[in-house]
Amino acid sequence: MASGCAKTAKKADWKVHKKTCGRQAPGAAPSPQSSASANVSPPKGLEGGIAEPFTRLDNGTWLHDRPEKDVYGLLIDAYRLRMDDIYNMEGEIDADSLYGGAPNGSTKKRECEQLGVTAGQWFDLGASVEKGDIIEHYGESTFPMQLRMFAEAVYGTAPGGTSGGAMRQMMMMMEQGGATGGMQASHLDMANMFGRR
């Protein structure tokens, strides 16, 4: 980040700051996110992305070979997006969650809990997220779909009783260069499956 930015200015409006002040100074080393390969998912927001995420979702290895903090963060984001989907589709909030006013989340590992209850950072369980927030943070339009498919695998069902199996199969074919009738991942919008967003 540019060194001339006041800390209070950064906090006051992060969205503006990251667009105007977040550019690297000339000659600065590239950040890990900016040097990441275009073939990994997501391109930003984590310590590292993975190749063929939908194939890994299908074979149950989506969380494998990731840094521990990334795993905890993805568990938290899958949960937060699922809570938003359930609210939008069913109008309900899990009373045992932070969204329902419970003092503690339902995660098991102490490190994951600590990450989720640290206020003011991205993985804060006290802050809800929406599809657009996920896309902006991770820089990838299909990342909400990955989180939803992962949560479906964990919970055994998607909100509203739907299944993402057919979509996951189609996304796997696209990753592997298979025929999909000319459809591209960048044109897919799952909003109609998950309520208003």
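Contact here means heavy atoms within 4.5 Å. The model is predicted: local features need pLDDT of at least 70, side-chain atom pairs count only at pLDDT 80 or more, and totals for chains, interfaces and linings use all residues. Residues are numbered from 1 along each chain as its sequence is written, and side-chain values use heavy atoms, with hydrogens and water left out.

The chain holds eight helices and zero strands, where helices (H or I, at least four residues) and strands (E, at least two) are DSSP runs numbered from the N terminus. Of its 197 residues, 36% are buried; buried means under 20% relative accessible area, exposed over 50%, and partly exposed in between (1.4 Å probe, protein chains only). The chain exposes about 11,100 Å², and carbon and sulfur atoms supply 53% of that area, as computed by the Shrake-Rupley method with a 1.4 Å probe. Among contacts between residues at least 6 apart in sequence, 56% join residues at least 24 apart.

| Residue | Helix | Relative accessible area | Touches |
|---|---|---|---|
| H137 | α6 (residues 131–138) | 23% | K44, G45 and W122 |
| T55 | α3 (residues 53–58) | 14% | M172, E175 and Q176 |

H137 counts as partly exposed because its relative accessibility is 23%. H137 and G45 are 92 residues apart in sequence, yet their C-alpha atoms are 5.9 Å apart. T55 is buried, since its relative accessible area is 14%.

In helix α5 (residues 110–117), the residues C112, L115 and G116 are buried. They lie on the same side of α5 because they cover an arc of only 95° around the axis, the arc being that of the directions from the helix axis to the C-beta atoms. An α-helix has 3.6 residues a turn, so residues three or four places apart point the same way. The buried residues of α5 pack against α4 (68–90).

Helix α4 also meets helix α7 (residues 143–155): their axes come within 9 Å and cross at roughly 90°. The two helices are therefore roughly perpendicular, a class that spans 65 to 115 degrees, with under 35 roughly parallel, over 145 roughly antiparallel and the rest oblique. Axes are lines fitted to C-alpha atoms, for helices over the stretch in contact, and angles run from 0 to 180 degrees between N-to-C directions. The contact residues include L74, L81 and R82 of α4 and F143, L147 and Y155 of α7. By class, this contact has 11 nonpolar, no polar and five charged residues.

Key
Ala, Val, Leu, Ile, Met, Phe, Trp, Tyr, Cys and Pro count as nonpolar, Asp, Glu, Lys and Arg as charged, and the others, Gly among them, as polar.
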